[in-house]
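Visitor: I would like to learn how to read side-chain features in a model. Could you walk me through some cases?

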Amino acid sequence: MSDIIKQKIWEIIASNTSVTEAEWLQQKGVSMPGVAMPGVATPGVATPIELMTAFVAAPRFLSKKIIHTSDGEKAALNFEIPGFSVDGWSLVRLARVWLLTQLDPSDKEEYVKNIETLFDTAEMNELVALYSALPLLSYPDQWLFRATDAVRSNMGFVFDAIALHNPYPEKYFSELAWNQLVLKTIFNDKPIHLIEGLENRSNEKLAMTLSDFAHERWAAGRGVPAQVWRLTGKYLNQTLLADMQHLFDSEKEEDRKAAALACSEAPLPAAQYLLAKYTDLEKSVKSGALTWADLEH
Amino acid sequence: MCANHTEITPNPSHFEDSEEASQAPAHRDIAWNDYKDLIKGMRFFDPHIHMVSRTTDDYQAMNQAGIVALIEPAFWVGQPRTGLSTFKDYYSSLVGWERFRSSQFGIKHYCTMGLNSREANNEPLAEQVMEILPLYIYKEGVVGVGEIGFDDQTPAEEKYYRLQLELAKEAKLPVQIHTPHRDKKKGTERSMAIALEHGIDPSWVIVDHNNEETVKSVLDQGFWAAFTIYPFTKMGNERMVKVVEQYGPERIMINSAADWGISDPLAIPKTAALMKMRGIPDETIRLVTYQNAIDAFGKSGQIDVADFESGYAVDQSEKFHGNSILRGGQQPAPVKDFLVIN
């Protein structure tokens, strides 16, 4: 990981902490290339256990407020690691992630063992920080089991930390694990548009599984959030086309809009033919007045 | 916890006055209806109870009896643990599932973290536990290092006791000392002497499981004196009343140390009732069954009385790691009895 990202995160921390809080973080003996706090002696290099203990103890020394980030800071983070965002994080979460970035990765065995120990001993807020930090950790393949486990776990905050606004799954999940993540997000009634890489990782299997899922929901008299059909457009086939007809027949306007958007994206001629039957919807899609963003909640 | 349960028959401890014990009703014989009016409106804080080995019925009864918060010290689970993983799981349960379960019955749950004296004697394992202990003592809601101290009073126990005193000092956390069942007087004195030797302010140390023989010295040296109301092996509550009559409420607190043995999670409310019957002033009762524990463990900076002093909100539909306390077919209280399930 680049030193630039560590520094960018430190800058956000610095602008969100009191002098005492910043000093506490520095007193943890962390090495911070290129970062100097006025009036504070240059820190030494912390041992892993010092960093790990600071990771745990952070709430005892830092306020639990939500941090503020400027547009420039946001852009800088995103430039370094596309999709990485700290919006809405608490100061403790950000500081914990930053402390993790200070662990020296040069001895792989030691580094992995330390991170694993933190996972093993973590309570919920610590898990949130650990999963949020995955895109920044060295040896990304090492964390795959943990990451897929988080998707399985049902812990609300932890699930969000891995599934939403986190670029790690897009980059490292297998198709099976990715599809599970997306389905579970839908199943948990969470907004899929907050999943990083949703478009990039769309696939036919997911589209078909979604159809099965929708049929189960419909049989139970329940609905499916309209925007999930954005995952199906490119893969429309006869089965999915029948689902589109079901949506066009729905009483909910959002369902009809979703069908129109999905059909418009489909290479299948029958889909265009179906869409043409709903003139008003076709017009708003073609003119760009209607987009998936209208269905994002 | 901490009774010596290896004996098959209940063993009146060496300090117990057997004549008195046979005459006075044991607090475990007092039924709820006998004392509920006496403690009406009182709030209790149990600073030592091992909920991991108690049932849901206990939580419900404790809540009904006015217990609003408790501290669960890390200790012995009744059989030796075989590896580091079981320690990790146990410690994690104290800040995780058990805390959640408690919240579901309207009781705020704190804990103390430590390597217990018995298991300090397994040195290879103790070494591993000490490595991860710093990752637990700093967690939110951890109000002390405990319960630590002596059991057999071996050199290994002393070594890990000293190491943990240093940890507590470093972390600025109170220390909760378990005093031994056998050779208690000497063990208590030794525990205090070592704590002082490490430069720990006695007002940061809660010495547990006191009796008539130890209390004076503990108070005289400036430590907190905690008393465990535990049938057969520790204090009876008749005796507890006398201690309070003699020493007053300053730096004295009462706990149940209820665990997997024959013990009583309602020991505090019952003792409060008994004190009330004997004419002990309400303020004294409040101090020894509630406030003193908060003052002592509150030095950790981890206790906010606003979390429980005006009641504790319960939402039994909440989940922890996707799991609810409710088992098949159970509905969150208040029970909603719908015929049609959507």
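Guide: Gladly, and we can begin with charges. A salt bridge is a side-chain nitrogen of Lys or Arg within 4 Å of a carboxyl oxygen of Asp or Glu. Before we apply that, note that this is a predicted model, in which local features need pLDDT of at least 70 and side-chain atom pairs count only at pLDDT 80 or more, while totals for chains, interfaces and linings use all residues. Residues are numbered from 1 along each chain as its sequence is written, chains are lettered from A and ligands numbered from 1 in the order in which they are written, and side-chain values use heavy atoms, with hydrogens and water left out.

Visitor: Which residue forms a salt bridge with B:Lys108?

Guide: The general idea is that side chains of opposite charge can pair when their charged atoms come close. Here the partner of B:Lys108 is B:Asp307, and their closest N and O atoms are 3.7 Å apart. This pair links distant parts of the chain, 199 residues apart: B:Lys108 is in strand β3 of chain B, and B:Asp307 is in the segment after α13 (282–297) of chain B. Helices (H or I, at least four residues) and strands (E, at least two) are DSSP runs, numbered from the N terminus.

Visitor: Are B:Lys108 and B:Asp307 buried or partly exposed?

Guide: Buried means under 20% relative accessible area, exposed over 50%, and partly exposed in between (1.4 Å probe, protein chains only). B:Lys108, at 19%, is buried, and B:Asp307, at 32%, is partly exposed.

Visitor: How many salt bridges are there over all chains?

Guide: The count is 35 salt bridges over all chains. One of them pairs A:Asp120 with B:Lys88, with the closest N and O atoms 3.0 Å apart. That pair crosses between chains, from helix α6 (residues 108–121) of chain A to helix α4 (residues 84–95) of chain B. A:Asp120 is partly exposed at 35% relative accessibility, whereas B:Lys88 counts as buried at 11%.

Visitor: What about a salt bridge within one helix?

Guide: Look at B:Lys216 and B:Asp220, whose closest N and O atoms are 2.7 Å apart. They sit four residues apart in helix α10 (residues 215–220) of chain B, about one helical turn. B:Lys216 is partly exposed at 46%, and B:Asp220 is exposed at 53%. Elsewhere, shared partners join the salt bridges of A:Glu116, A:Asp120, A:Arg146 and B:Lys88 into one network.

Visitor: Now to rings. How many aromatic pairs does the structure hold?

Guide: A pair of aromatic rings is described by the distance of the centres and the angle of the planes. Rings of Phe, Tyr and Trp (its six-membered ring) pair if their centres lie within 6.5 Å; planes under 30 degrees apart count as stacked, over 60 as edge-to-face and the rest as tilted. The structure holds 22 aromatic pairs over all chains. In one of them, B:Trp32 and B:Tyr35 have ring centres 5.3 Å apart and planes at 85°, so the pair is edge-to-face. Both lie in helix α2 (residues 32–35) of chain B, three residues apart. B:Trp32 is partly exposed at 25%, and B:Tyr35 is buried at 1%.

Visitor: And what would a stacked pair look like?

Guide: Take B:Phe45 and B:Tyr110: their centres are 6.3 Å apart and their planes are at 10°, so they count as stacked. B:Phe45 is in strand β1 (residues 44–46) of chain B and B:Tyr110 in strand β3 (residues 108–113) of chain B, so the pair ties together parts 65 residues apart in sequence. B:Phe45 is buried at 0%, and B:Tyr110 is buried at 1%. Ring pairs also link these two with B:Tyr290 and B:Phe308 into a cluster.

Visitor: What stands opposite B:Phe45 in β2(B)?

Guide: B:Ala69 does. Two strands pair if DSSP finds at least two bridges between them; β1(B) and β2(B) run parallel and are joined by three bridges. Seven of the seven residues of strand β2 (residues 67–73) of chain B are buried, so this strand is largely enclosed by the rest of the structure.
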